[in-house]
Amino acid sequence: MRKIFNSLLLAAFIAAIMIIARWIGHQAYSWMPTQATAEAKRVDDIFSFLTSVGAFIFLGITGIIGYSLLTCRAPRGDWSHGHPARSDARIEILWTVTPTLLVLWLAAQSYNIYQQLDIEGLTPIVHLHILQEPATAATVKSDINQLAENIEVIAKQWVWSFRYPNNVISNELHVVVNERTRLNLHSQDVIHGFYIPEFRLKQDIVPNRNIDIVLTPTQIGKYRLRDSQFSGTNFALMQADVYVDSSEAYSQWLSQAAKGK
């Protein structure tokens, strides 16, 4: 009877920490910046999942430690050694198999998220090729609109510049909401990091390579592009404004920029 009670108590403990861990994982969504692209939700989903797993492990270990401190204390004056746990094959198997299964499970979840990105027409999300080779667009696998723009992003110490299809060059990045845009990333000197927190897609820009990123903005607004790599003395000042515009606002801005306004 006592063995059954202990088994039920353990099952209740595991169920409780699973519920709490899932709640903590759900709270992780509020820790992140605004989701401004279709890709951001997929990234936040895997972050929430990893948070839930981490919370489950933390609560499980601390719960076992607390239980042991309360129920397994040696009597006063008892200085004898506890039963050695070494050479116990069951424990060795447990702490070897469990982390292995956990890592494989995490890998499967990450791959699942990547497959979802593929469905959004983001295969590959980032693809590298030698500068002399022609750039190719991502394969479209969904009913999302065709690429609205193909914008060239040029990084150098310590400024961002953007070249649009009509040869307009600006220090502001403008993209159209709900339309897929391909950014061709180039570096003229050292490694830079293209990172907009609300977009969730961060990519190092390697000299002598073309690096393409396809994204789908979903929230109209103003955001901030930062250099995520240490690229020199003033890399922290290497920032640029990013605007997600409606189609009409984008066309109007592009027309004014072409006139030099």
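Student: Is Arg 200 buried or exposed?
Tutor: Arg 200 counts as buried, at 10% relative accessibility. Bear in mind that this is a predicted model.

Student: What does the side chain of Arg 200 meet in a salt bridge?
Tutor: Its partner is Asp 44, with 2.8 Å from N to O. Asp 44 is in helix α2, residues 38–71, while Arg 200 is in the loop between β7 (192–195) and β8 (202–205). That puts the two 156 residues apart, so the pair links distant parts of the chain. Asp 44 counts as buried as well, at 2% relative accessibility.

Student: How many salt bridges turn up in the whole structure?
Tutor: Five, from a search of the whole structure. One of them joins the side chains of Glu 152 and Arg 163, at 2.8 Å from N to O. Here strand β2 (residues 149–156) holds Glu 152 and strand β3 (residues 159–163) holds Arg 163, eleven residues apart.

Student: Which residue does Arg 224 pair with?
Tutor: Asp 241, with the closest N and O atoms 2.4 Å apart. Arg 224 sits in strand β10 (residues 221–227) and Asp 241 in strand β11, 17 residues apart. Arg 224 is partly exposed at 31% relative accessibility, whereas Asp 241 is buried at 18%. Lys 222 comes in too: salt bridges with shared partners join Lys 222, Arg 224 and Asp 241 into one network.

Student: Why does Asp 241 count as buried at 18%?
Tutor: Because the cut-off for buried is under 20% relative accessible area, and Asp 241 has 18%.

Student: Switching to the inside. Which residues touch the most other members of the largest nonpolar core?
Tutor: Trp 160, Phe 162, Tyr 164, Leu 173 and Phe 194, out of 31 residues in that core. Elements that each supply at least two residues include β2, β3, β5 (173–176), β6 (181–187) and α4 (247–258). In soluble globular proteins, nonpolar side chains tend to be buried together.

Student: Where are nonpolar residues on the surface, then?
Tutor: There is a nonpolar patch made of Leu 10, Ile 14, Met 18, Phe 56, Ile 57, Ile 61, Ile 65 and Leu 69. Together they have about 710 Å² of accessible area.

Student: Which helix gives the most to the patch?
Tutor: α2, with five residues; Ile 61 is in that helix. Helix α1 (2–27) also supplies at least two.

Student: What is the secondary structure made of?
Tutor: Four helices and eleven strands.

Student: What's the mean pLDDT?
Tutor: It is 82 for the protein, and 84% of the residues reach 70 or more.

Note on methods: Residues numbered from 1 in each chain as written. Predicted model: local features only at pLDDT ≥ 70, side-chain atom pairs only at ≥ 80, totals over all residues. Heavy atoms only, no water. pLDDT = per-residue confidence, 0-100. Salt bridge = Lys/Arg side-chain N within 4 Å of Asp/Glu carboxyl O. Buried < 20%, exposed > 50% of the residue type's maximum accessible area, 1.4 Å probe, protein only. Core = buried A, V, L, I, M, F, W, Y, C linked by side-chain atoms within 4.5 Å. Patch = residues over 30% accessible without salt bridge, like charges linked within 9 Å, V, L, I, M, F, W, Y side chains within 5 Å. Areas by Shrake-Rupley, 256 points an atom, 1.4 Å probe, with all protein chains shown as cover.
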